[in-house]
Amino acid sequence: MFSLLRDLFTRKVTAQDEQEPVDQGELELPPSEVGVDGAPGFPIAQHIVLHGGYPIIDWDAAQSWVSEIASVEIQESAWSAVERAWLLHMRGALGPLFRLNESRNAMLLSSLEVNVASATLAYMERTLQRVVKLLDGIARMPSMGKDLLLVFDDDESYYNYVSFYYPDAGEFAFSGGMHIDVGCSHYVTVKNDLRVIEPIIAHEMTHGCLGHLPLPAWLNEGLAVNVERRLAPTPSTHTPQQLRAKHLAFWGEEEIQEFWSGKSFLRTDDGNLLSYELARLMVEHLSRSWEPFKQFVLAADSADAGSAAARQHLGVDLGEVVSALLERDSPATLWEPDPGRWEGEPERGRFAESGRA
């Protein structure tokens, strides 16, 4: 698939190199042009801007180049080649300790030790298959490209990179990882023990497999949290009794509209943690019968927080469900999604992960 790139940008291997095997990615320089058989080259270097020293590609230009290729098979190869070329440019920005590792369905850019990098790639491969199996009929593997994971060495470099995808103003919750679905879908996190990275991978890969659906944020995040807990369970930082007390103290009629619109997931206080937990509880409750739940998810739309789909496929009003879960005595109609009270466009989820329970 990448024979042309390797021929053009692989340096000569010395005797010392042969004694100590290295990743193929370490032998390649960042290309100025990407080429695949049967298509003109894409001048990738001309479509790169720097943000904090990191290369950001004009993915619209890359997509335009790919779409002009007649063969679907070559289109897939071309997109993967652009992804790989970008990671080589990113590796050049991150420094000589970073390596590009690759497997059938995933690419990893990190300074992780060789054995840890191999284990991480293997985990990504397994997780992709398990997410699709768990969310049968809902999740879908990406149609083009591979799953890309960037592991930054520290918080400073991580936030420096992800700041490109945040608005210029506002407060944002701290995070340990996120799924970036702008132009080229990829996952980012900070270097840590593999046991810490695994839940982030499971959560973010779930988002990647749901990207074809216009889900409301609460449903997107609720699915991701439940899959994460199934595939990479970690101890909660709060007891059930503590979480119950926090829920009872926090949620009101205004706050629940923030939940339905997705804005509460962006809060920097307890509302952030409680939004993920309430989304988890909602999905856990609604998914007890899989077939109708699957039809609900496939029909749910962020425009009304999935309200119409819940009535059609589950026979429930979301206001009744959430008010029961939160032990509220006020009329359930006050807890229903009300798009007329939302500020701005609704969120679709896939937020930077932070204070989840």
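With a relative accessibility of 45%, Arg244 counts as partly exposed (20% to 50% relative accessible area, with buried under 20% and exposed over 50%; 1.4 Å probe, protein chains only). The model is predicted, with local features requiring pLDDT of at least 70 and side-chain atom pairs pLDDT 80 or more, whereas totals for chains, interfaces and linings use all residues. Residues are numbered from 1 along each chain as its sequence is written, and side-chain values use heavy atoms, without hydrogens and water.

Arg244 forms a salt bridge with Glu327, in which the closest N and O atoms are 2.8 Å apart (a side-chain nitrogen of Lys or Arg within 4 Å of a carboxyl oxygen of Asp or Glu). Because Arg244 belongs to helix α9 (residues 240-250) and Glu327 to the segment after α14 (318-325), this pair ties together parts that lie 83 residues apart in sequence (helices, H or I of at least four residues, and strands, E of at least two, are DSSP runs numbered from the N terminus). Glu327, with a relative accessible area of 42%, is likewise partly exposed.

Across the whole structure, the search finds 15 salt bridges. One of them pairs the side chains of Arg84 and Glu102, with an N to O distance of 2.8 Å. This pair links distant parts of the chain, given that Arg84 is located in helix α4 (residues 72-94) and Glu102 in strand β3 (residues 99-102), 18 residues apart. Arg84 is classed as buried, at 2% relative accessibility, whereas Glu102 is classed as partly exposed, at 28%.

A further salt bridge brings together the side chains of Glu258 and Arg267, at 3.1 Å from N to O. Glu258 has a relative accessibility of 27% and is therefore partly exposed, and Arg267, at 22%, is also assigned as partly exposed. Elsewhere, salt bridges with shared partners join Glu28, Arg84, Glu102 and Lys146 into one network.

Helix α10 spans residues 253-261, and its buried residues are Ile256, Gln257, Phe259, Trp260 and Ser261. The cover over these buried residues includes helices α8 (217-231) and α11 (270-286) together with α14, where contact requires heavy atoms within 4.5 Å.
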